[in-house]
Each structure stands twice: as C-alpha cells, then as structure tokens.
Amino acid sequence: MSGGRLVVVGNGMVGQRFVEALRARDQERRWRVTVLGEERRPAYDRVRLSAFFDGVSAEDLNLHSPDDGVELRLGEPALAVDRARRIVRTASGEHPYDALVLATGSSAFVPPIDGTDLPGVFVYRTLDDLAAIRAHAAGRRTGAVIGGGLLGLEAANALRLLGLATSVVEFAPRLMPVQVDEAGGAMLRRYVEELGVTTYLGVATSALRPGPDGTVGALELADGRTVGADLVVVAAGIRPRDELARAAGLPLGPRGGVLVDAGCRTADERIWAVGECAAVEGTCHGLVAPGYATAEVVADRLLGGAATFPGADTATKLKLLGVDVASFGDAHGVSPGCLDVTFTDPATRAYAKLVLSDDATTLLGGVLVGDASAYPTLRASVGGPLPAPPLALLAPAGGAGAGAGALPAAAQVCSCNAVTRADLDAAIAGGATDVPALKACTRAGTSCGSCVPMLKQLLDAAGVAQSRALCEHFDTGRQELFDIVRVRGIRTFSQLIAEHGRGRGCDICKPVVASILASLGTGHVLDGEQASLQDTNDHFLANLQRDGSYSVVPRIPGGEITPEKLIVIGEVARDFRLYTKITGGQRIDLFGARVEQLPQIWRRLVDAGFESGHAYGKALRTVKSCVGATWCRYGVQDSVGLAVALELRYRGLRAPHKLKSAVSGCARECAEARSKDFGVIATETGWNLYVGGNGGFRPRHADLFATDLSTEALIQLIDRFLIYYIRTADRLQRTAAWIEAMDGGLDHLRSVLVDDSLGLCADLDAAMARHVAGYSDEWRDVLEDPERLRRFTSFVNAPDVPDPSITFAVERGQPVPTRGADGRRQPVALGLPGVRR
Amino acid sequence: MRTLDWTAVCPLDRLDPDRGVAALVDGVQVALFRTGDELYAVDNLDPVGGAQVMSRGIVGSRGGLPTLASPLHKQVYDLTTGRCLDLPDVALRRHDVRCRDGLVEVRLRQEE
C-alpha cells in the first residue's frame, strides 16, 4: 500500500501540515487526497488564536494554500469509519480509502457542572468561539474563566481586553500547574492580580447560575463563594477527539486518544493518527510541535519510509498577560536526587528555578517567571554542564534592584549620569510630577534607561500620584483605550463612553478617541458621529489661525515638486489672495482661507494632482530630504526617492501626535534627520535608522536604532516602530517622550521591534499593511460628498456671506491679518523651560 | 433695551449633535449648539483670543455641566451660564434660543 485513495479526517493545523508534507514529497502523485473538515474554514493558526482580538483577521490566521491535487471538503464532518468496506461516511456520502489519516484534534473539556449549557458560556477553541465571545461581551461588565492553565490565562487576557472585570477559577492550588511550580505560580498570580484579574485557586466550580436575563450570571464555587460573571469561558483542559476510532473498534490510549505506535499507525494497518487525537505509544501531546512531528512521520511512512516519532520537547516559553513564563526539561524536579536552585526577587518580581543533577553539575530543567531572558541559553544547556554559576544565570539582566524607595539619599540611581536619590528627591520636591519631568531636570534615565523603573518608584515613594486617567470621563489612559477600542471592535465614541466612561466627553478625550478610531481605519474622519469629536483642524481639514481663518498645506512628498505644480500653487494663492510661506518641512503653506473657500481651493489643488498634506492632523507631516546621490557630489544613496516612498507609505497615518521624518543622502545630514521622530541617513551600504528625535519645545537628537539596513528591512522596521508607537503612546506624547518613558528604553524597543520579544511583529506588520491598503485622500473624499461639503460655510443662515471679521492688511507685499485696535489678540504665554536655581 | 426679536436661523436638523455652527443675527455672530435635547446660543467671539471661532469648539461636559472649549487655546466655558471655568472674570455672552416648528430661533441679548 504505497498509493491510491487517501482520506484525511480533519483540517486543523496538524492535518494541514500533514497534507502539505505528503504532497511535497509525493512527486509521482501516488496518493489522491480528500480532506474532510468539520469547520467551514480551512486550516488556521490556532496557536495565535488570541490575536483575533488584536484585530488580526481570520484571513491573516489562514494556513491553507490551495492545492489542485487535494479535494478539500469543508463543513463535512466524518460520521463513521467502516473498516471492513474501507469507507468514511459523511452526511453527504461515502469516501472510500486505501489509507486513512485521523487528524481530528481535540475538543475543549467541559466539566459536568450544572449550567454549562446556559447562553453566555463558551469554550476557547475556534475562531467562531472567539467571535461569539466578543459579541456576547458587548455591553457586559464581568467575566470569568474556569481553568487557570495556559489557555485559561489567554482567555482571561482576552476578557480583560474586552473590558470585562475578569476572574479566573482554578482547581489546582496555583496558576499554570502543568508548567510552573508553586513558587513560580505564586509570582505569576501576583502579576495576574496586578492586572486586575481576580484569582480563585484550589477551588472547584460547582455550578453556573443564570442572571435575570436568562444568560449566565454567576459561578458558584465549592467553598460556597459566588463569583459574578456575565460571560464564562470554560478552559479546563482538552480531550482527544477519538470518538470515530472508538466507534470503529480501534484501540485507544490509557487516557483516551487513538492508540498508535511510534510510526503513528493504529492497530489497523490502513489507519494512522496525527496530532492531538493521537496517543503515540499511549501518550497524547497537546502542543503543536509534537503534532507536526507526527505529521512528518505519517507522510514519510505513506511513501514507503520508516520514520518514527522522535519524542516530544515540552519546553515552552510564552508571554501571558504580559508576563514571561518559561518551563523546560524536568521543571518539577521529579528526577531522583535532584537539587533545586531557586531565586525569588519580589522587587523585580522575577522567579527562577533550576533543577540540577544530584552532584549539581548537570542542568535537568527549570522554570522562569517574569524574566525569561535566560531561557534560550538554559534550554540549550539541558542535559549538559551548567554554562555559568546558577546565580549568575538567574540574576535578571540589568536588574533594577530592590525598591528604590529604600535607597539612602547618597545612593546613585542613574549611574550613567551620576544622579543620586537626593538629586531626584529634590527635583520631585521642586515640582517634577512624572518620569519625563524628572529626566528633563536631572538627566537621570536619559542614557541607558535602566533606572526608569526606579524613577517611578521614587515618585511613588514621594506620594506623587501617577494617574493614568485621560480626563474626568475615562479612568484609563490612551493605551488602554486603544486596546479596548481595538479588541472590542468599538466604532463610536458614544458606545465607548457608555460602556467604559462617564459624562459627555470633552476636548481632551474626544480628539483622542477620534484619533484612535482613525488609526484603526474606521472610515473618513468626518463621517457620522466622528465629525463631532474632531478638533477644528481635523474638522475643516485645515489649520486654524489666530484670526479665525485657516491655512492649507498640500502634500509635496520629499519636498520634490514639478514646475507645473509649483505654478498651480502660485495661481491658487494669487486667486484666493492667500499669504504664502515655505515651511520647515519643505512644503508651501497658504494662509488666510475662510472655511467656505477651503473646498474651492482644494478643488483646484486636487484637479492638479495634489492631496491633503495632513498639516492639520496628528499624523505624518512630511518626510524631508536632501537632494541625494542624484545630484549631490557627496550623496551615497537616493534620499529623495526614499523620502517620497516613505511619505506616500505613511501619509494619512493618525498617531498620538504629529510625526516628522527626514532622509539624508550622506553623513553630512543636510536633511536634519536626527531631529525627527524617525530619521534615515544613508551609508555606503544601506541606511541607518534614528528614532525619537524632536525639534521644537524640547529639542532632542534621535538615537541610532539600527545600521546598514536594506530599504526593505528599513521600511519594515519603521512600520513596526510607528504602529507600536500608535498603540502604546500616551495622548500628545511625541516619540521622544514615549521612548524616554519606556521601561528599558531603546534596548527594550529594539528587542520588541527587531527580536520580536513580545511576539507582536506579525500584528504590527499586518496593521501597517492595512493602513497602506486603506489610504485614500481625505480632501478628495470630501469634494466628492455633498454631505461632507455642507459643513464648509461661515454662517448656517447666510452661506454666501464671508466672515466679515476676517480682514487683511498688506505686509511685505502679502496679505496678513489686521491687528485689532482693541488689542484683543494677545500673545499667549507658553511655559518655556525654566532654569532651575 | 434688553432683548430683541426672535430670528429664525435654520432647520433643527441642520445642527449636528455636539457640533456647533455659526449664524449671523442682526450683524452679530452667534454660535449655536445642540447637545442631546438642549439648544445653546453664545457669542461666536472668543473672549480670550478675540477671533470669531467659538462655534468650532468641542462640546462636552465637566462635572455634569455642559461645556464648550475654545478651539484657539482650549479655555472651557459652561454653556448654561457662559462662565469660563478656567479663567476668572471671563465669560461668553449668552443668547436665547428655541426650536419652533422644526426651526431654530435666536434672540440676541444685550450685555448682562
């Protein structure tokens, strides 16, 4: 039997991997393959299931690629296997086989508790489950997860992000009982509870009770306590789907699962099993890596090979609710005579355990919670000698040490800049109320950034409240609001404030939410309710000036412009009598337009091929450039070409604050890229990327982030930088302050964006791809829509009357606002940075 | 003279909720707002910045009071009294406003 009809039951991750492995090797096309899938979706990445709540679409998770040689029958579950006739029966017919591969996976185990059939009770297994959870969560306040293992904590994080006050109930006395030991579990619990998730450990759930509306309302625990929950996720473990095999009379493993040998074959020589449904020599493996190994084994065997299952590596490292958790080897120390070395640091909240052989020379396994940076080294060392003394291996990198509040006054907190606790306390007493202020007046934390957590602790110790509340209407900061909007799929301010805030909003929270909605690509900024949230600049897509008139800035990508376009700008300025000035960002600003003139001006500009320059928005402004290698004797790269490409890629991207960029064609840096949020400087072999620069109020040179990048790698890194900034920065926080306030500073940013330490990069890349694909010119969209155009009048009852208060004098040959004789136009005093005495 | 006559300005549905418009009433620029069920009319003149821009401010609430923020420098005013909540001795002049037969009508008030 090395060819013929092959039926695969199941199109999950392992089933799909198996088909791909077989097809890749079956060059002679010996097998005709039919795949029967229960779900209506082809295979998708279940490991990244939770990314669905991060806005990753079902398509992004898709693992299936079309293959003409495979008949994929979705929504057609196998009902029975007739081994005598060698057919698989489904609702629509019979599928004969010469070989049959069971890849039925597992199902969520739902314990036999009263009430699990109530509406509002879910499992966490499929995309449909997640969509149903999100739908049910809308407008509800509390949620609970039964099960505190890996999946349970993932589900808890999802509920938390959906805005529910979340509880976790775990029967074992600690969280993640399979992976971590008791002390690690205790540390994990501290992290989880700090995120606002309530944990109930060592207690069973005895029943689920309905609320007044008939959907689930509460959990009853075995110790008599009651936990309110409008939504319940059951994540109490998984069970192999072995019912087909059982009904067909095939032997099962001692704890269920289709019993197979090391070659993954069942007792029937024509039937094989792969993935979570297979009990390989009696043991089921619930991780994807061993599942893929079984897929490879069976693909090899069906083509005449003799591969055997290599054994499962159960080492895991993951980030749950923002906490690093890793376990590897003999994590629980069950080897005879083994020794534990443990390290617990309540200050940095890191827990680590190494399991050593009885002579303390060989590493057998371990557990890491809070800081898993040593995981790659340690996992690689299992079974061999220790690479370093245990404490050196376990001490957290760059450890911030114990609580800074306990330090003596003379202790140096920032060793890079020799700043003592006394200096910092003096700055706090002098009115510094947050980390950026402390940095500004003491320079502490401005170099390596590792002391930033201690700055926060000192502020705490001094009793300076670090409220993250945006304003009186929202208790959360911008980052959390962004997550709530993104994860819950909220599309209007009224829904957001009704479910997560109070009152009617204000000039602080409304533009923030408008910006978040725009960053998430929810349509034109002037559509529906969104129009009422916008600052006047975004509302009229122009910049308000002191006399009530507006200025207009068309986009001139990279500062490159044709004579024809230059002439159009000149003609428009002349015809509408606008004051004209070249900006610092290599564009042309046209001043003195009344609101009813804006559409007329833009009609001319759009017809000539211009589009919005977003000078009015918290968005990408310009990408300035020097003339570069095309003309310049010193240039080494085409800086203008790159600047144009970057500007067109990121145009219209709404952010917490404006974004500026520049590209210099050589190290002479004529484009002043190091004063920009992201600046690029050409090298002989590629591009250097600088981030976090700032001109203006508090000038700051950008930091070198990565060197000698290809154009492709550069763009990918900027993509990630921008989306990460948009998702996590505070309101009106420029990239400079954002990086300065970040725990771990630039190194942390590099680990997230380059090394993907948070596993976010795929999502960040996808988010930018959505932005690029969804861009359209806001001004063109307005001109095409009478409803949007209607707003552009000075007076609702006199649409043809120009605002009589806008009048001009002439200065140096151009119109300028008339100075009021009443002296009412006063200069506004900005608080310039003072010199501390 | 304390009050003038009522002037019809526009149909009610021309006012978007929580977003202002300006109207010209007897040569005076008036900023009109519709919030929920309420209508408000105040001077369009920003008493601090001196420009006719108040109709373009963001409407909201502070401690239960309906508010309007200047689009120039963000001073917040109580729409019910016109009082500035951020600066002492600064206020917006209020005008009378009502809805009759689907039309918004304004009556100017002189100095209070």
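Modeller: Strand pairing is read from the bridges between two strands. In this predicted model, β13(A) and β14(A), residues 216–221, pair in the antiparallel sense over five bridges. Along that pairing, A:Arg209 stands opposite A:Ala218 in β14(A).

Biologist: Which strands form the open sheet, and in what order?

Modeller: Follow the partners from one side to the other. Here the order is β13-β14-β15 in chain A, with antiparallel pairing. β13 (205–210) and β15 (226–228) of chain A each have a single partner strand, so they stand at the edges, with one side of each left without a neighbour in the sheet. Ignoring direction, neighbouring strands of this sheet are turned by 25 degrees against each other on average.

Biologist: Let's step back to the whole chain. How many helices and strands does chain A have?

Modeller: Chain A has 26 helices and 39 strands. For contacts, look at how far apart the partners are in the sequence. Among contacts in chain A with a separation of 6 or more, 62% are between residues 24 or more positions apart.

Biologist: And how many residues of chain A are in contact with chain B?

Modeller: Count each side separately: 28 residues of chain A are in contact with 26 residues of chain B. On the chain A side, α16 (530–533) and α17 (536–540) each supply at least two residues.

Biologist: What classes of residue make up that side of chain A?

Modeller: The side touching chain B has eight nonpolar, 10 polar and 10 charged residues.

Conventions. Residues are numbered from 1 along each chain as its sequence is written. Chains are lettered from A and ligands numbered from 1 in the order in which they are written. This is a predicted model: local features need pLDDT of at least 70, side-chain atom pairs count only at pLDDT 80 or more; totals for chains, interfaces and linings use all residues. Helices (H or I, at least four residues) and strands (E, at least two) are DSSP runs, numbered from the N terminus. Two residues are in contact if their C-beta atoms, placed from the backbone, lie within 7 Å. Two strands pair if DSSP finds at least two bridges between them. Axes are lines fitted to C-alpha atoms, for helices over the stretch in contact, and angles run from 0 to 180 degrees between N-to-C directions. Ala, Val, Leu, Ile, Met, Phe, Trp, Tyr, Cys and Pro count as nonpolar, Asp, Glu, Lys and Arg as charged, and the others, Gly among them, as polar.
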